[in-house]
Amino acid sequence: MAAFIDGGGGFSVAPVPSYGVIATAHIKDSTIAMLKQKSGETLLELLDRLEHAIIEAIATGYVVDDVNVTTTSQSTVSK
């Protein structure tokens, strides 16, 4: 995560009404990951999943999104 931040990325974790706790990651103006905390999942477990989602998004170029589960397509990440 430190290398991600040093490279210009950022992330946030916050409660969102009607959704629960959401963790998001972005590079510049592009969101690359949005994760919803699972029932019984600790903050550390959520952050671990976020780290893996960031790695996946950077490797594949696709947004990792488990918040907008009705979306059938993934957005590409601009690098």
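Select E41 and R49. Their side chains meet in a salt bridge, with 2.7 Å from N to O. This is a predicted model. Why can such side chains pair? Side chains of opposite charge can pair when their charged atoms come close.

Color E41 on its own. Is E41 buried or exposed? E41 is buried, because its relative accessible area is 12%, under the 20% cut-off.

D66 counts as partly exposed, because its relative accessibility is 26%.

Now show E41, R49 and D66 together. Salt bridges link these three residues in a network. How many salt bridges does a search of the whole structure find? The search finds two.

Next, go to strand β3, residues 30-36, and select A33. How accessible is A33? The relative accessibility of A33 is 0%, so A33 counts as buried. Show the residues around A33. Leaving out residues up to four places away in sequence, A33 touches A23, T24, A25, L50, A53, V63 and V64.

Pick L50 from that list. A33 and L50 are 17 residues apart in sequence. In space, their C-alpha atoms are 7.2 Å apart.

In soluble globular proteins, nonpolar side chains tend to be buried together.

Last stop: the surface. Select I5, F11, V13 and L43. Together they make a nonpolar surface patch of about 310 Å². Zoom in on F11, in strand β1, residues 9-16. F11 is partly exposed, because its relative accessible area is 33%, between the cut-offs of 20% and 50%.

Finish by showing two residues side by side. A33 is buried at 0% relative accessibility, whereas F11 is partly exposed at 33% relative accessible area.

How values were computed: Residues are numbered from 1 along each chain as its sequence is written. This is a predicted model: local features need pLDDT of at least 70, side-chain atom pairs count only at pLDDT 80 or more; totals for chains, interfaces and linings use all residues. Side-chain values use heavy atoms; hydrogens and water are left out. Patches are made of residues with over 30% relative accessible area and no salt bridge: like charges are joined within 9 Å, nonpolar side chains (Val, Leu, Ile, Met, Phe, Trp, Tyr) within 5 Å. Accessible areas come from the Shrake-Rupley method with a 1.4 Å probe; for residues, only the protein chains shown count as cover. A salt bridge is a side-chain nitrogen of Lys or Arg within 4 Å of a carboxyl oxygen of Asp or Glu. Helices (H or I, at least four residues) and strands (E, at least two) are DSSP runs, numbered from the N terminus. Buried means under 20% relative accessible area, exposed over 50%, partly exposed in between (1.4 Å probe, protein chains only). Contact means heavy atoms within 4.5 Å.
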